[in-house]
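Here is a short note for a colleague who is new to this structure. Please read the points with the model open beside you.

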Amino acid sequence: MREQPFTAEEIRELRTLLDVAKIKKVTALYSLLMDGRDYDALANIYAEDALGEWGAFGTWHGREEIRQAMIRSYEGQIPYDGLHCTTNMWVEMTGETSAISRTYLHDVKNDPDPRTNPVIWFAIYDED
């Protein structure tokens with residue numbers, strides 16, 4: 001068991017680990033809110049001036065536009081009919097209040113019919 005106080009370098013590393021854990025928590029929260037179709041709470045995890053680029057699905061500016069786009073994109077789908085399974089998350093702090101991350105998405109359909117292909121798509125989230 002360690003009996004010496006943390007070094008300054010270890011304290012910096014611990015702060016970084018805490019920041020990385022907070023970022024990972026937001027990514028997990030995104031999946032939970034998306035799958036539960038809680039669009040108001042989902043929009044609130046974005047900054048007011050956020051820019052979201054979803055490839056062929058569109059580019060949306062600002063919290064409210066992102067919220068409206070999510071509503072349109074998932075209109076008619078019930079909560080938890082699909083599940084966002086995120087893995088292999090990598091985070092690098094790029095400054096005091098900034099970071100970049102990459103996460104793999106395995107999006108699967110929650111369908112009891114064994115003849116249905118459960119894979120909706122695989123994707124990569126790149127975020128900063």
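1. Terms and basis. A residue is called buried at under 20% relative accessible area, exposed at over 50%, and partly exposed in between, with a 1.4 Å probe and protein chains only. The model is predicted, so local features need pLDDT of at least 70 and side-chain atom pairs count only at pLDDT 80 or more, while totals for chains, interfaces and linings use all residues. Residues are numbered from 1 along each chain as its sequence is written, and side-chain values use heavy atoms, with hydrogens and water left out.

2. Salt bridges. The count comes to eight salt bridges. The rule asks for a side-chain nitrogen of Lys or Arg within 4 Å of a carboxyl oxygen of Asp or Glu.

3. D81 and R37. D81 lies in the loop between α3 and β3, and R37 in the loop between α1 and α2 (39-43), so the pair ties together parts that are 44 residues apart in sequence. Helices (H or I, at least four residues) and strands (E, at least two) are DSSP runs, numbered from the N terminus. Are D81 and R37 buried or exposed? Both are buried. D81 has a relative accessible area of 10%. R37 stands at 11%.

4. D81 and K109. K109 is partly exposed, at 35% relative accessibility. Together, R37, D81 and K109 are linked in a network of salt bridges.

5. R67 and D40. R67 lies in helix α3 and D40 in helix α2, so the pair ties together parts that are 27 residues apart in sequence. R67 counts as buried, because its relative accessibility is 19%. D40 counts as partly exposed, at 46%.

6. Backbone angles to check. Which residues other than glycine have a positive phi? R37 is one of them, with phi near 60°. N88 is another, with phi of about 50°. N88 lies in strand β3 and counts as exposed, at 52% relative accessibility.

7. Strand pairing. Strand β3 (residues 82-95) and strand β4 (residues 98-109) pair in the antiparallel sense over eleven bridges. Two strands pair if DSSP finds at least two bridges between them. A hairpin joins β3 to β4 through two residues. H84 stands opposite D107 in β4. On to the next pair: β4 and strand β5 (residues 119-127) are also antiparallel, over eight bridges. Here H106 stands opposite F122 in β5.

8. The largest pocket. How much space lies in the largest pocket? About 1,400 Å³. Of the 47 residues that line this pocket, the closest to its centre are Y46, W54, Y125, D126 and E127. A pocket is found on a 1 Å grid over the protein atoms alone, as an open set of points where a 1.4 Å probe fits, with protein on both sides within 12 Å along at least five of seven lines; lining residues have an atom within 4 Å of a point. Grid points are joined across faces, edges and corners, and the volume is the space filled by probe spheres set on the points.

9. Who supplies the lining. α1, β1 (51-53), α3 (63-73), β3, β4 and β5 each supply at least two residues of the lining of the largest pocket. The largest share, eight residues, comes from α1.

10. A nonpolar patch. F6, I11, L14 and L17 form a nonpolar patch on the surface, with about 380 Å² of accessible area together. Patches take residues with over 30% relative accessible area and no salt bridge; like charges are joined within 9 Å, and nonpolar side chains (Val, Leu, Ile, Met, Phe, Trp, Tyr) within 5 Å. Accessible areas come from the Shrake-Rupley method with a 1.4 Å probe, and for residues only the protein chains shown count as cover. I11 lies in helix α1 (residues 8-35). I11 is partly exposed, at 35%.

11. E65. E65 is found in helix α3. E65 is partly exposed, with a relative accessible area of 36%. The C-alpha atoms of E65 and L51 are separated by 9.6 Å, and the two residues are 14 residues apart along the chain.
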